[in-house]
Number of protein chains: 2
Amino acid sequence: MPVIVVEVMPKAELLDPAGKAVAGAVARLGSTPFTGVRIGKRFELTVDGEADAAALSAARELAESLLSNSVIEDVVSVKVAAE
Amino acid sequence: MPVIVVEVMPKAELLDPAGKAVAGAVARLGSTPFTGVRIGKRFELTVDGEADAAALSAARELAESLLSNSVIEDVVSVKVAAE
C-alpha cells in the first residue's frame with residue numbers, strides 16, 4: 001500500500017534541548033564537520049487505496065491538526081514516498 | 001550553512017505503540033484514507049563547510065552509531081537538504 005511521509009520539525013526560533021544534547025555528544029566524539037543538530041519527527045501514513053491528490057490533501061490537513069503542534073513545530077514536508 | 005537530513009524509522013517488524021495511538025486517533029476523527037501510522041525521527045545536521053562526500057559519509061557513520069539504535073531502528077535516508 002502506498003505511504004505518505006509527513007515531516008515535522010521544531011520551529012527555527014525555538015530551542016531544541018534534545019538536539020542540543022545530541023550536538024554536544026557529537027562534538028565530544030571528536031572531529032566532526034557538524035555544528036548543530038535539530039530533531040524532528042517523521043510520520044509514515046499508510047494509505048488505503050491510491051495516494052492521489054485527495055489523500056495528500058487529507059494528509060496535509062492531518063499534519064497541521066493532529067501530527068504537529070503549530071505553536072512549536074512546522075510541517076516541513078508532506079509527500080508520497082517512493083516505493 | 002548546508003544541512004544533511006538523517007531519517008530513522010522503527011523497524012517494520014516491531015510494534016510502534018506511539019504510531020498505533022496516533023492511528024487510533026486518526027480513525028476516531030472519522031473517514032480518513034489512512035490505515036496505519038508509524039513514527040520515526042528526522043535529524044537535521046548543520047554542516048560547517050561543504051556538504052561533500054566526506055560530510056555525507058561522516059553523517060552516515062553518525063546515523064548508524066549515535067542517531068539510531070540498530071536493534072530497533074533503521075536509518076532510511078541520509079541526504080543533503082535542498083536549500
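**Close-up views of a two-chain predicted model**

**View 1. Glu7(A) and its salt-bridge partners.** At 4% relative accessibility, Glu7(A) counts as buried, in a model that is predicted throughout. The side chain of Glu7(A) meets that of Lys79(A) in a salt bridge, with 4.0 Å from N to O. Because Lys79(A) belongs to strand 3 of chain A and Glu7(A) to strand 1 of chain A, the pair ties together parts that are 72 residues apart in sequence. Lys79(A), with a relative accessibility of 37%, counts as partly exposed. Glu7(A) and Lys79(A) are linked with Arg42(B) and Glu44(B) in a network of salt bridges. Within chain B, the side chains of Glu44(B) and Arg42(B) meet at 2.8 Å, N to O; Arg42(B) counts as buried at 9% relative accessibility, whereas Glu44(B), at 21%, counts as partly exposed.

**View 2. The interface of chain A and chain B.** Here 31 residues of chain A are in contact with 31 residues of chain B, and the area buried between the two chains is about 2,500 Å², of which carbon and sulfur atoms give 70%. The rule finds 2 salt bridges across this interface, and a salt bridge also joins the side chains of Arg42(A) and Glu7(B), at 3.1 Å from N to O. Residue pairs in polar contact between the chains, both at pLDDT 80 or more, number 12. On the side of chain A that touches chain B, strand 1 (3–10), helix 1 (17–28), strand 2 (34–47) and helix 2 (53–67) of chain A each supply at least two residues. Strand 2 of chain A gives the most, with 14 residues, and by class this side has 21 nonpolar, 4 polar and 6 charged residues.

**View 3. The buried residues of helix 2 of chain A.** These are Ala55(A), Leu56(A), Ala59(A), Leu62(A), Ala63(A) and Leu67(A). Their cover includes strand 1, strand 2 and strand 3 (73–80) of chain A, together with helix 1 and strand 2 (34–47) of chain B.

**View 4. Asp16(B) in the loop between strand 1 (3–10) and helix 1 (17–28) of chain B.** Asp16(B) is buried yet has no salt bridge, the nearest side chain of opposite charge being that of Arg38(B), 4.9 Å away. A polar atom of the Asp16(B) side chain lies 2.7 Å from the backbone nitrogen of Ile39(B). Leaving aside residues up to four places away in sequence, Asp16(B) touches Pro10(B), Val37(B), Arg38(B) and Ile39(B).

Technical notes
Residues numbered from 1 in each chain as written. Chains lettered and ligands numbered in written order. Heavy atoms only, no water. Helix = DSSP H or I, 4+ residues; strand = E, 2+ residues; numbered from the N terminus. Buried < 20%, exposed > 50% of the residue type's maximum accessible area, 1.4 Å probe, protein only. Lys, Arg positive; Asp, Glu negative; His and termini not counted. Polar contact = N/O pair within 3.5 Å; in protein donor to acceptor, adjacent residues only side chain to side chain. Contact = heavy atoms within 4.5 Å. Buried area = accessible area lost by both parts, 1.4 Å probe. Nonpolar A, V, L, I, M, F, W, Y, C, P; charged D, E, K, R; others polar.
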